[in-house]
Amino acid sequence: MHMTLKVAVSGASGYVGGEVLRVFSEHPDVEFGALTAHSSAGDRLGVHQPHLRTLADREIVETSVNTLAGHDVVVLALPHGTSGEIAAQLPPETLVLDCGADHRLASSEAWAEYYGGHHSGTWPYGMPELITADGHQRDNLLGAKRVAVPGCNVTAVTLGLQPGVAAGVVDPTDITAVLAVGYSGAGKKLATNLLASEGLGAASPYAVGGTHRHIPEIVQNLEVAGAADVKISFTPTLVPMARGILATITAPLAAGVSADEVRAAWESAYADEPFVHVLPEGQWPTTAATLGANTCLVQVAVDKKAGRVVVVSAIDNLVKGTAGAALQSMNIVLGYPETTGLQLQGVAP
Ligand SMILES: NC(=O)c1ccc[n+]([C@@H]2O[C@H](COP(=O)([O-])OP(=O)(O)OC[C@H]3O[C@@H](n4cnc5c(N)ncnc54)[C@H](OP(=O)(O)O)[C@@H]3O)[C@@H](O)[C@H]2O)c1
């Protein structure tokens, strides 16, 4: 039976909002209702998202409980700290997908330490592939009315390392993760360090020394995947590309584990996953191979001399890292096939 889902997108002028509009427009039952934002209210969408041709003449309206009322689904793509207040006023029967951080963390202490201010609470977590004690996170999403869509760096690191954690073949108390991150990960805001003249010729680390806000979310996920104790050194670096995350994650090989057992852990974890692909041995993920697609590409190797497992994962931060994860979660929540409307094919070169 064909039904219509009236979807409002809040933050429609931003990078994530634009990508939500592009990705969700491929879903057969989605019809867009209100497109809302803040300083751009009153503008045509085409001024801010000229690539979204079918929506170019739509007017952006102010974000409010009134403009978001009367929809089946509301997607929030707002700065963290903004969505919690709005979401709390939306009707309980509306499906709300929050692409921001406000509802991802279970721990109020972790929220206070890394974000500060009021913790808006914890929603079902929108990472279907997350390995849980008794299955996968997708089992917890069916019928949910609120979904916290994961962070982009978090997605790259969690999907990269969790098979080894769940299978007990790595030691999760000594993880390193170094990420190359495209500029859209920082949002559309104006900032000196985001100017082309600063970034085009540079690789620029940021949030070094354990301060990045995605750290507690990664720890939370790896604990769900079976780690008793997680210690991670996490360092992102902006590199001159518009989109994409390449995460290189290492952890000590657990005692007595062979390279074949490591490979088997990753291959079996993702054998049935439609969007997470372990590449053939020797082939390494690139961000270019994920652009525009809802895929996460993964490779794993054992560095015998260092005694460490090395994982490389690649995603498009705006697709698998947020808008695609939101649509994948919506499909599960509403009982659609999980892959409905989602792209496996990337844009290349
Ligand atoms: N960028 C990524 O790769 C990525 C990935 C995963 C998750 N996220 C999360 O997704 C959210 C959006 O990120 P983004 O990169 O799209 O940021 P962005 O490009 O800066 O867009 C922010 C959007 O929020 C709107 N906005 C700002 N303040 C508002 C307010 N007080 N009330 C209502 N709307 C307001 C802006 O509207 P105006 O332009 O009209 O002011 C704009 O549409 C953030 O929470 C971010 O952490 C981002």
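Two strands count as paired if DSSP finds at least two bridges between them. Strand 9 and strand 12 (residues 245-252) are such a pair: 6 bridges join them, and they run antiparallel. Keep in mind that this is a predicted model.

Start with the overall layout. The sheet is open and has 7 strands, in the order 10-11-9-12-15-14-13, with mixed pairing. Its edge strands are strand 10 (204-205) and strand 13 (276-278), and each of these pairs on one side only.

Now look at strand 9 (residues 175-181). Which residues form its covered face, and which its uncovered one? Ile175, Ala177, Leu179 and Val181 make up the covered face. Thr176, Val178 and Ala180 make up the uncovered face.

In strand 12, valine 178 has threonine 248 as its bridge partner.

Move on to strand 13. Strand 13 pairs with strand 14 (residues 296-303) in the parallel sense, over 3 bridges. Histidine 277 stands opposite leucine 297 in strand 14.

**The ligand**

| Residue | Protein atom | Distance to a ligand oxygen atom |
|---|---|---|
| Valine 16 | backbone N or O | 2.8 Å |
| Serine 40 | polar side-chain atom | 2.6 Å |
| Leucine 78 | backbone N or O | 2.6 Å |

How much of the ligand does the protein bury? Taken alone, the ligand exposes 910 Å², and the protein buries 81% of that.

**Threonine 63**

Find the loop between strand 3 (61-62) and helix 3 (65-68): threonine 63 is there. Is threonine 63 buried or exposed? Its relative accessibility is 16%, so threonine 63 counts as buried; the cut-off for buried is under 20%.

The side chain of threonine 63 makes a polar contact with the side chain of threonine 36, at 2.7 Å. The threonine 63 side chain also reaches the backbone oxygen of alanine 37, at 2.9 Å. Leaving aside neighbours within four places in sequence, threonine 63 is in contact with Ser10, Thr36, Ala37, Leu68 and Ile86.

**An aromatic pair**

The structure holds 1 aromatic pair. The ring centres of tryptophan 111 and tyrosine 115 are 4.2 Å apart and the planes are at 10°, so the pair is stacked. Tryptophan 111 and tyrosine 115 are both buried.

**Two backbone exceptions**

Most residues other than glycine have a negative phi, and most peptide bonds are trans. Now look at two other cases.

Alanine 207 has a positive phi, near 45°. Alanine 207 lies in the loop between strand 10 and helix 8 (215-224). Its relative accessibility is 25%, so alanine 207 counts as partly exposed.

The bond between alanine 348 and proline 349 is a cis peptide bond, with omega about -5°. Proline 349 sits in the segment after helix 10 (319-334).

How values were computed. Residues numbered from 1 in each chain as written. Predicted model: local features only at pLDDT ≥ 70, side-chain atom pairs only at ≥ 80, totals over all residues. Heavy atoms only, no water. Helix = DSSP H or I, 4+ residues; strand = E, 2+ residues; numbered from the N terminus. Buried < 20%, exposed > 50% of the residue type's maximum accessible area, 1.4 Å probe, protein only. Polar contact = N/O pair within 3.5 Å; in protein donor to acceptor, adjacent residues only side chain to side chain. Contact = heavy atoms within 4.5 Å. Phe/Tyr/Trp six-rings, centres within 6.5 Å; stacked < 30°, edge-to-face > 60°. Areas by Shrake-Rupley, 256 points an atom, 1.4 Å probe, with all protein chains shown as cover.
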